[in-house]
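Thanks for coming, everyone. I'd like to walk you through one model today, from the overall fold down to a few single residues. Have a look at it first.

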Amino acid sequence: MVRIFEHSRSKEMGYSDTPGPGYDVDLSPEDGTARRVGAWVGGLETSAPNSVRVSLPTETQLTDSTRRLLGPDIGDAIMKVIVKHWEPERARWSIGDYIDLQNRSKGEVEVGWETYFHSGITFDHSALPQSAVVEELSTGTLIRLGDKPMQVDAVDIVAVRAALGYPV
């Protein structure tokens with residue numbers, strides 16, 4: 001995964017730190033399932049032109065090999081690798097149900113099971129739900145909601161949005 005990210009950020013792949021229409025890297029299996037890692041660089045949303053989204057498979061799409069991704073240790077390790085090597089402004093590990101809970105405006109962080117955002121974003125620690133584990137990384141903050149990526153309570157997603165100062 002690290003080699004893929006580093007290669008996608010190379011001059012050979014056309015990576016540039018200059019603003020522009022951007023490009024995306026979308027890694028997904030050939031079987032057509034929804035599990036994938038998508039990364040956008042230099043996108044049109046100037047509040048987060050460098051972001052990463054990990055989309056998890058649905059329960060019906062799980063195989064023995066993908067079921068391991070849903071464990072908190074593996075998921076957390078993958079998020080940290082992405083943050084360390086891709087250096088996004090924001091990243092999330094999520095499923096569509098969590099996205100549907102949020103009426104996100106442009107520039108707002110989208111909350112998932114794990115949500116990372118760069119150091120420039122402030123939030124109210126006291127407003128976070130009990131399930132939230134906050135980890136300060138060298139470049140920003142990582143918030144994890146419990147130990148089951150597919151079973152995050154809707155109220156916890158909403159509480160993180162409130163802690164970020166967004167309307168809920």
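**A walk through the fold**

Going along the sequence, the pattern of the protein chain reads α-β-β-β-α-α-β-α-β-β-β-α. That comes to five helices and seven strands, where helices (H or I, at least four residues) and strands (E, at least two) are DSSP runs, numbered from the N terminus.

Before we go on, some housekeeping. This is a predicted model, so local features need pLDDT of at least 70 and side-chain atom pairs count only at pLDDT 80 or more, while totals for chains, interfaces and linings use all residues. Residues are numbered from 1 along each chain as its sequence is written, and side-chain values use heavy atoms, with hydrogens and water left out.

The protein chain has 168 residues, and 42% of them count as buried. Buried here means under 20% relative accessible area, with exposed over 50% and partly exposed in between, using a 1.4 Å probe and protein chains only. As for contacts, meaning heavy atoms within 4.5 Å: among those in the protein chain between residues at least 6 apart in sequence, 53% join residues at least 24 apart.

**The core**

Now, the middle of things. The largest nonpolar core holds 27 residues. By that I mean a set of buried Ala, Val, Leu, Ile, Met, Phe, Trp, Tyr and Cys residues joined through side-chain atoms within 4.5 Å. Which residues have the most contacts inside it? They are Phe117, Leu128, Ile143, Leu145, Val160 and Leu164. Two or more residues each come from H3, strand S4 (90–94), strand S5 (114–118), S7 and helix H5 (154–163). H3 gives the most to this core, with five residues. In soluble globular proteins generally, nonpolar side chains tend to be buried together.

Take isoleucine 143 from that group. Not counting residues up to four places away in sequence, isoleucine 143 touches Trp113, Glu114, Thr115, Phe117, Phe123, Leu128, Ala132, Val133, Val134 and Val160.

Val160 takes us to H5. In H5, the buried residues are Asp156, Ile157, Ala159, Val160, Arg161 and Ala163, and they pack against helix H4 (96–100) and S7. Just after H5, glycine 165 takes a positive phi of about 85 degrees.

There's also the loop between S7 and H5, which is where you'll find valine 152. Valine 152 counts as buried because its relative accessibility is 10%. Beyond four places in sequence, valine 152 touches Tyr98, Trp113, Leu145 and Ile157. Valine 152 and tryptophan 113 are 39 residues apart in sequence, yet 6.4 Å apart in space, C-alpha to C-alpha.

**The cavity and its charged lining**

Next, the bit I like. The structure holds one cavity of 30 Å³ or more, and the volume of the largest cavity is about 30 Å³. For the record, on a 1 Å grid over the protein atoms alone, a cavity is a set of points where a 1.4 Å probe fits but cannot get out, and lining residues have an atom within 4 Å of a point. Grid points are joined across faces, edges and corners, and a volume is the space filled by probe spheres set on the points.

So what lines the largest cavity? Asp76, Glu114, Val133, Glu135, Leu142 and Arg144 do. Strand S6 (132–136) and strand S7 (140–145) each supply at least two residues of that lining. By type, the lining divides into two nonpolar, no polar and four charged residues; Ala, Val, Leu, Ile, Met, Phe, Trp, Tyr, Cys and Pro count as nonpolar, Asp, Glu, Lys and Arg as charged, and the others, Gly among them, as polar.

Aspartate 76 sits in helix H3 (residues 72–86). Is aspartate 76 buried or exposed? Buried, because its relative accessibility is 12%. The side chains of aspartate 76 and lysine 80 make a polar contact of 2.9 Å; that's a pair of N or O atoms within 3.5 Å, where, within protein, one must be able to donate a hydrogen and the other to accept it, and residues adjacent in sequence count only if both atoms are side-chain atoms. Leaving aside neighbours within four places in sequence, aspartate 76 is in contact with Trp113, Glu114, Leu142 and Arg144.

Leucine 142, in strand S7, counts as buried because its relative accessibility is 2%.

Notes:
1 Å grid on protein atoms, 1.4 Å probe; cavity = no way out; pocket = protein on both sides within 12 Å on 5 of 7 lines; lining within 4 Å.
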